[in-house]
Amino acid sequence: MVVAALVRGANTTVDETVVQVLVAWRTGSDVDPCALLLDAGGKVRSDADFVFYNQPSGAAGAVELSTDGQCTATVAVDLGRLPSDVHKVVIAGSMAAGTFDTVPGLKVTVTGQHGRELASFPIQDVERVAAVVFGELYRRGDGWKFRAVGQGWDSGLAGLATGYGVTVDEDDDGDAGVPDHATVLREWRTKAGGVLASSGPSGPDWDALWAELRRHRIPESDGREALRPAALHYLHRVLTFAFADDLIEQHEMDEFEEAVRQLGVDDPAIIEMRRRMQRGLEIGLISNGEVPRVEHARLNLEDGEVLHLEEPAVYVRQTETGLRRSTGKIIATSAKFRFVGGAGADLPWSRIMEVRPEYTNIVISTTARKGSGIYEVSDPEYVAAVLTGAMRRARRTAVIPAQRDSRSVPAAVRTEVWQRDGGACVECQATEYLEFDHVIPWSRGGATSAGNLQLLCRRCNLQKGARI
């Protein structure tokens with residue numbers, strides 16, 4: 001089975017006890033991989049927990065480092081033999097000369113028994129640093145997970161090692177020094193990304209981040225600018241989670257605005273996100289009965305009948321001889337649904353069972369022979385919302401926020417899928433316009449479960465719809 005590549009910050013479950021972490025790069029670079037065994041506080045228990053070229057074994061052989069001397073190194077880890085107070089195994093590397101931004105083809109692969117691939121992490125866009133944390137194996141409950149990290153350290157192997165509590169002898173004529181502005185910001189940005197992923201832009205961890213910048217006398221504006229990529233990624237997550245149940249509610253709009261305020265980042269992408277949230281809120285209100293009134297001059301309506309929608313459409317239905325397409329228009333009034341075209345339909349709202357958008361179409365289910373099927377329209381979300389709102393208004397029903405249909409994605413499932421897919425489209429790795437997609441479409445019996453959900457960007461989702 002092909003395992004989707006992780007992106008920076010993503011994690012995946014490790015379901016085997018004995019694993020090999022392969023660090024590979026293209027020839028021409030001198031990379032020295034290493035491993036650090038950390039306790040619950042994120043520090044080594046002693047210098048013996050630092051596994052590197054001069055000390056290639058740790059934890060009584062539970063962690064072994066080997067290298068081919070050219071362009072690969074392997075850290076073999078027997079998770080079952082690790083002492084109970086070892087909570088994390090950090091896989092890192094350093095360069096005695098040069099920096100990692102010049103290392104081509106850098107990649108970490110985690111394999112299990114018989115070479116079965118458990119995770120892969122192509123490390124891209126590395127900054128000009130002499131040491132990098134590639135990834136980490138860490139305990140989660142009774143099992144283990146692997147996280148793709150890709151964090152750089154300007155201070156090289158010595159700075160990385162001392163950061164995790166290893167004692168490193170200083171030069172006779174030197175001292176540890178104070179990290180410069182750029183180094184502090186770079187390492188702070190990585191921490192900030194982790195805090196956003198775990199608890200969001202509020203709470204004690206978030207406050208501690210800004211206190212750290214103040215201790216280093218770094219202006220808050222510099223921190224906000226360094227935070228920009230992680231902040232936008234977090235807001236895209238908020239947006240994707242909000243749209244997972246097909247309706248935007250006012251409290252979700254308020255939570256988005258509060259997150260923008262806390263992050264303090266100004267970017268054109270936020271304007272577009274706000275526009276999408278506002279449209280989602282309007283669509284939600286329409287689908288719950290706040291339908292528009294459309295002026296008309298040509299239609300013959302009954303007394304008191306109100307027009308809500310008049311929309312060009314193509315009706316696609318299955319017949320004995322194959323698919324048949326009828327061009328016409330959908331007319332929705334306060335009394336009925338009509339399709340005026342080759343295969344007409346004229347149904348009171350009591351005969352309409354469900355209306356839903358699906359990719360570039362809407363799907364209508366009725367209790368009658370006519371009217372059920374797929375309709376191609378220019379704006380499926382809006383048309384489905386008006387038809388649903390008109391139906392609910394006619395039936396005098398509304399959706400209670402806590403009551404969603406089986407397509408709605410529960411919060412725990414959203415989080416699991418987001419973390420598994422690394423907050424990116426599984427097809428093209430885009431991180432914008434993400435949607436929770438049913439691998440087997442809901443209309444074809446697909447479940448709303450982590451195993452049948454994936455992250456797709458809007459473009460890839462529409463392409464999938466066109467193929468289906």
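Analyst: Glu127 is partly exposed, with a relative accessible area of 29% (buried means under 20%, exposed over 50%, partly exposed in between; 1.4 Å probe, protein chains only). The model is predicted: local features need pLDDT of at least 70, side-chain atom pairs count only at pLDDT 80 or more, and totals for chains, interfaces and linings use all residues. Residues are numbered from 1 along each chain as its sequence is written, and side-chain values use heavy atoms, leaving out hydrogens and water.

Glu127 pairs with Arg186 in a salt bridge whose closest N and O atoms are 2.9 Å apart (a side-chain nitrogen of Lys or Arg within 4 Å of a carboxyl oxygen of Asp or Glu). Arg186 belongs to helix H2 and Glu127 to the loop between strands S10 and S11, so the bridge ties together parts 59 residues apart in sequence. Helices (H or I, at least four residues) and strands (E, at least two) are DSSP runs, numbered from the N terminus. Arg186 is buried, at 17% relative accessible area.

Arg147 and Glu136 also form a salt bridge, at 2.5 Å from N to O. Arg147 is in strand S12 and Glu136 in strand S11, 11 residues apart, and the pair links distant parts of the chain. Arg147 is partly exposed at 22%, whereas Glu136 is buried at 8%.

Within helix H4, Glu225 and Arg228 lie 3 residues apart, about one turn. Their salt bridge has closest N and O atoms 2.7 Å apart, and Glu225 is partly exposed at 46%.

Asp15, Glu16 and Arg116 are linked in a network of salt bridges. The structure holds 25 salt bridges.
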